[in-house]
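Look over the sequence and the model below. Then follow the report from one topic to the next.

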Amino acid sequence: MKKILILNWKMQLSVNDSCALAEEINNEFDNLNLDKIELGICPDFLSMHKISKIIKASNIKLGSQDAFWYEKGAYTGEISPVFLKELGVEFVILGHSERRTHMQESDIFINKKMKTVLENNMVPILCVGENFEERQNNQKDLVIINQVKNALNNIDLENLKRLIIAYEPIWVIGSGQAIESNEAQETNVIIKQTLLDIFYEKGIELNDENFKNKIQILYGGSVDSTNVSNFLNEEDIDGVLVGGAGVKFETFCSLTKAIN
Ligand code: PGA
């Protein structure tokens, strides 16, 4: 399995700027030496259709920043997972802390979305992580374990093809100050063990090989060119979810250089 680099452009770029950046990345892709990396871009919804065409012939994968749990119907303002699939979306970020905070997304909502995304044969990128207060109160592990368990409640794990989980400590997102890679490594091991327990309870035993083929655990939160290789060199960090460092071509290039 290749290591993964997912760019989350959030609501940072206009449609024109998103498309221009996608064009630049697409045109320069062969020079970025990313053959050992799986690259996914999650633009805003308005840019998605155009970007799907820009990157169509490339190895760059299209991701979505969210999806609704119903496929179609009278749900004003929502984004259908079926329509996303139609555009060629492969990954869907779910439960990002910004949605949990600003849109009051609960674990119940996230669980419903997980089901629909998997049913539509896309790969969920489930974001989990503690806020600063939870960390100070030594609740970090518990918070993360519960988020993982709740998101996977009643999910058909028997037929799971692929799942990505991103550990993102909320208090470092956008701060310019990531946590140490060894701490992220330790947390990813906890997430891995939680998943193994969940699978085991369902009677599914996964060996290391099977696990790696189905599940990747990423780190996200102020990843940039100065720290990206530390994270990617950790054994249980299978990739990174990048916000700020991925919205400008120059910083993106520095990031890819650092990866190489
Ligand atoms: P950041 O965002 O890289 O700007 O910290 C990461 C994220 O929110 O996924």
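## Cysteines and disulfides

This is a predicted model. How many disulfides does the count give? The count comes to 0 disulfides. A disulfide is a covalent bond between the sulfur atoms of two cysteines. To be counted here, two cysteine sulfur atoms must lie within 2.5 Å of each other.

Take Cys19. The nearest cysteine sulfur belongs to Cys42 and is 15 Å away. Cys19 is therefore in no disulfide, because a pair must lie within 2.5 Å. Cys19 is buried, with a relative accessible area of 11%.

Now take Cys127. Its nearest cysteine sulfur is also that of Cys42, at 9.2 Å. Cys127 is in no disulfide. Is Cys127 buried or exposed? Cys127 has 2% relative accessibility, so it counts as buried, the limit being under 20%.

## Around the ligand

In His96, a polar side-chain atom lies 2.7 Å from an oxygen atom of the ligand. The side chain of Glu168 has an N or O atom 2.7 Å from a ligand oxygen atom. With Gly174, a polar backbone atom is 2.7 Å from an oxygen atom of the ligand. How much of the ligand does the protein bury? Taken alone, the ligand exposes 290 Å², and the protein buries 95% of that.

## Two loop residues with positive phi

Lys10 sits in the loop between strand 1 (3-8) and helix 1 (15-28). Its phi is near 45°, a positive value in a residue other than glycine. Lys10 has 17% relative accessibility, so it counts as buried, which means under 20%.

Gln104 is in the loop between helix 4 (97-102) and helix 5 (107-119). Gln104 is not a glycine, yet it has a positive phi of about 50°. Is Gln104 buried or exposed? Its relative accessible area is 59%, so Gln104 is exposed, the limit being over 50%.

Thr187 is found in helix 8 (residues 181-201). Thr187 is buried, with a relative accessible area of 2%. Which residues does Thr187 touch, not counting those up to four places away in sequence? Thr187 touches Lys140, Ile144 and Tyr167. Thr187 and Asp141 are 46 residues apart in sequence. In space, their C-alpha atoms are 7.6 Å apart.

Lys192 is placed in helix 8 as well. Lys192 counts as buried, because its relative accessibility is 14% and the limit is under 20%. Leaving out residues up to four places away in sequence, Lys192 touches Asp208, Phe211, Ile217 and Asp236. How far apart in space are Lys192 and Ile145, C-alpha to C-alpha? The distance is 9.9 Å, and 47 residues separate the two positions in sequence.

How values were computed
Residues numbered from 1 in each chain as written. Predicted model: local features only at pLDDT ≥ 70, side-chain atom pairs only at ≥ 80, totals over all residues. Heavy atoms only, no water. Polar contact = N/O pair within 3.5 Å; in protein donor to acceptor, adjacent residues only side chain to side chain. Areas by Shrake-Rupley, 256 points an atom, 1.4 Å probe, with all protein chains shown as cover. Helix = DSSP H or I, 4+ residues; strand = E, 2+ residues; numbered from the N terminus. Buried < 20%, exposed > 50% of the residue type's maximum accessible area, 1.4 Å probe, protein only. Contact = heavy atoms within 4.5 Å.
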